[in-house]
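Have the sequence and the model open as you read.

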Amino acid sequence: MKLNNLTALSPIDGRYRKVTEGLAPYLSEFGLIKYRVQVEIEYFIALCELPLPQLKNVDNNLFDSLRAIYQNFTEEDALKIKEIEKVTNHDVKAVEYLIKEKFDEMELSDYKEFIHFGLTSQDINNTSIPLSLMESISAQLLPLLNEVNTLIDAFATEWKDIAMLAKTHGQPASPTRLGKEFKVFNERVNKQLELLATVPYSAKFGGATGNFNAHHVAYPEFDWVDFGNNFVKNYLGLERSHPTTQIEHYDNLAALFDNIKRINTILVDLSRDIWQYVASNYFKQKIKAGEIGSSAMPHKVNPIDFENAEGNLGIANAIFEHLSAKLPISRLQRDLTDSTVLRNVSVPLAHTIIALQSLKKGLNKLELNRAALDADLEENWAVVAEAIQTVLRREGYPKPYEALKELTRKNEKITKDSIHNFIETLNVSDAIKSELKVITPFNYTGV
């Protein structure tokens with residue numbers, strides 16, 4: 001079977017390809033190869049600008065042509081590297097050999113041994129992967145996440161004055177406002193986005209075991225640590241880790257994944273709450289012509305978008321959890337377990353994007369059913385008991401909590417009339433009685 005949307009083993013490349021394909025230029029095999037080429041080219045240019053003695057005569061005007069190798073990188077170029085890899089059995093070495101072929105075509109053969117000069121494959125992988133992550137998160141994940149969070153904030157504003165019965169432990173509790181409950185999620189996401197912005201995209205760059213051994217033995221007169229710091233920061237836009245072993249220690253990458261996982265957890269919480277609000281009839285969902293809610297029950301409009309979001313966020317978080325727990329651990333100066341694991345960084349990001357698209361769709365389908373919220377409040381006059389006993393405490397009334405407990409903890413319905421009748425029995429002034437009668441489930445919503 002040929003690989004296509006129907007035959008793909010993973011739904012992120014099959015059923016959901018339309019949703020996830022924006023990640024492909026960054027986090028696919030093609031994307032990884034392209035970023036490796038970019039790092040190799042930028043490294044060569046940095047050596048020229050140092051300059052190494054043997055490269056001081058390289059014409060600076062050639063740099064644009066060199067950068068065009070990765071800027072105009074094609075699938076054909078990537079396939080050629082994969083063909084070379086069949087011989088080398090080494091993916092990064094295959095990249096080096098393709099660039100050397102390009103140098104021959106550009107009549108730069110005298111300089112091609114300075115491609116990958118003094119480096120190990122992890123100097124390329126541990127810069128390419130954080131670079132691809134940084135750019136994919138910036139271009140794909142964050143705009144969508146901000147779009148969803150803006151929707152949540154818009155609902156917080158639109159419904160800021162809508163009273164709603166709160167539920168703690170699943171039981172009626174002091175009323176709240178629907179907009180405020182949405183604002184809680186908006187603010188939680190905002191705080192995590194602030195933290196996310198502080199997590200550096202770290203890169204290892206320092207030769208075979210992180211000490212610039214080969215560089216130093218060839219050119220002891222240069223400050224290679226300073227060169228590495230400058231290259232990673234100013235050519236790639238990353239932050240160089242120092243000191244390291246042969247590989248990046250991935251602590252900041254783990255922090256990045258943990259941070260996204262926390263955002264996803266907040267959105268799982270949101271998805272479940274909205275699902276419950278839909279089940280409580282607080283929201284209806286806009287109906288799209290032709291859509292089927294249930295194969296057997298024509299009347300149903302299921303909250304599938306929030307269920308889809310919850311499921312995909314759960315898968316994403318399970319993989320983020322493994323990545324952040326596994327990657328910082330490596331035997332001695334390195335083992336290969338990080339390599340195969342890192343090839344899966346696209347998977348949790350893809351599931352997160354699928355979830356965000358579902359949330360966006362679901363949120364846009366919500367229609368407030370004000371009558372259901374009001375009916376719930378009217379049905380639960382007992383929730384004003386807290387307000388009454390608190391005012392009575394203020395007035396020094398004896399055992400007010402116990403008095404309200406006696407009234408409300410019975411197997412009979414508490415209504416506006418029963419509350420007002422109770423207020424009339426209190427030994428307080430008429431002014432206090434009037435103050436207490438103003439309190440309703442609709443206005444007892446705090447600040």
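## Starting at Asp13

Leaving aside neighbours within four places in sequence, Asp13 is in contact (heavy atoms within 4.5 Å) with Asn4, Asn5 and Ala8. Asp13 sits in the segment before H1, where helices (H or I, at least four residues) and strands (E, at least two) are DSSP runs numbered from the N terminus. With 36% relative accessibility, Asp13 counts as partly exposed; buried means under 20% relative accessible area, exposed over 50%, and partly exposed in between, using a 1.4 Å probe and protein chains only. The C-alpha atoms of Asp13 and Thr176, 163 residues apart along the chain, are separated by 43 Å.

A word on the model itself: it is predicted, so local features need pLDDT of at least 70 and side-chain atom pairs count only at pLDDT 80 or more, while totals for chains, interfaces and linings use all residues. Residues are numbered from 1 along each chain as its sequence is written, and side-chain values use heavy atoms, with hydrogens and water left out.

## The chain as a whole

The chain has 19 helices and six strands. Its radius of gyration is 31 Å, whereas a compact globule of 447 residues would have one near 22 Å; the radius is taken over C-alpha atoms, and the globule rule is 2.2 Å times the number of residues to the power 0.38. Along the principal axes, the C-alpha atoms fill a box of roughly 100 × 55 × 40 Å.

Of the 447 residues, 48% count as buried. Among contacts between residues at least 6 apart in sequence, 77% join residues at least 24 apart.

## Two pockets

Rolling a probe the size of a water molecule over the atoms shows where empty space is left. The search uses a 1 Å grid over the protein atoms alone: a cavity is a set of points where a 1.4 Å probe fits but cannot get out, a pocket is an open set with protein on both sides within 12 Å along at least five of seven lines, and lining residues have an atom within 4 Å of a point. Grid points are joined across faces, edges and corners, and a volume is the space filled by probe spheres set on the points.

Which residues lie nearest the centre of the largest pocket? They are Asp13, Arg17, Leu27, Ser28 and Glu29, from a lining of 31 residues. This pocket holds about 880 Å³ of space. Helices H1 (17–20), H2 (24–27), H3 (29–49), H5 (75–88), H7 and H14 (346–365) each supply at least two lining residues. The lining divides into 18 nonpolar, eight polar and five charged residues; Ala, Val, Leu, Ile, Met, Phe, Trp, Tyr, Cys and Pro count as nonpolar, Asp, Glu, Lys and Arg as charged, and the others, Gly among them, as polar.

The second largest pocket holds about 410 Å³. Met164, Ala166, Lys167, Glu181 and Tyr277 are the closest to its centre, out of 23 lining residues. Strands S1 (163–168) and S2 (171–177) and helices H8 (178–196) and H11 (251–279) each give at least two residues to this lining, which has nine nonpolar, seven polar and seven charged residues.

## Enclosed cavities

The whole structure has four cavities of 30 Å³ or more. The largest cavity holds about 120 Å³, and Pro130, Ser202, Glu248, Tyr250 and Leu253 are the closest to its centre among 13 lining residues. H7 gives the largest share of this lining, four residues.

The second largest cavity has a volume of about 80 Å³. Its lining includes Arg36, Asp91 and Arg343, and divides into three nonpolar, three polar and four charged residues.

## Salt bridges

The structure holds 32 salt bridges, each a side-chain nitrogen of Lys or Arg within 4 Å of a carboxyl oxygen of Asp or Glu. One of them joins Asp123 and Lys204 at 2.7 Å, N to O. Asp123 lies in helix H7 (121–158) and Lys204 in the loop between strand S3 (202–203) and helix H9 (213–218), so the pair ties together parts that are 81 residues apart in sequence. Asp123 is buried at 0% relative accessible area, and Lys204 is buried at 0% as well.

Glu181 pairs with Lys180, with the closest N and O atoms 3.0 Å apart; Glu181 is buried at 19%, whereas Lys180 is partly exposed at 37%. Elsewhere, salt bridges that share partners join Glu29, Arg36, Lys82, Glu85, Asp91 and Arg343 into one network.
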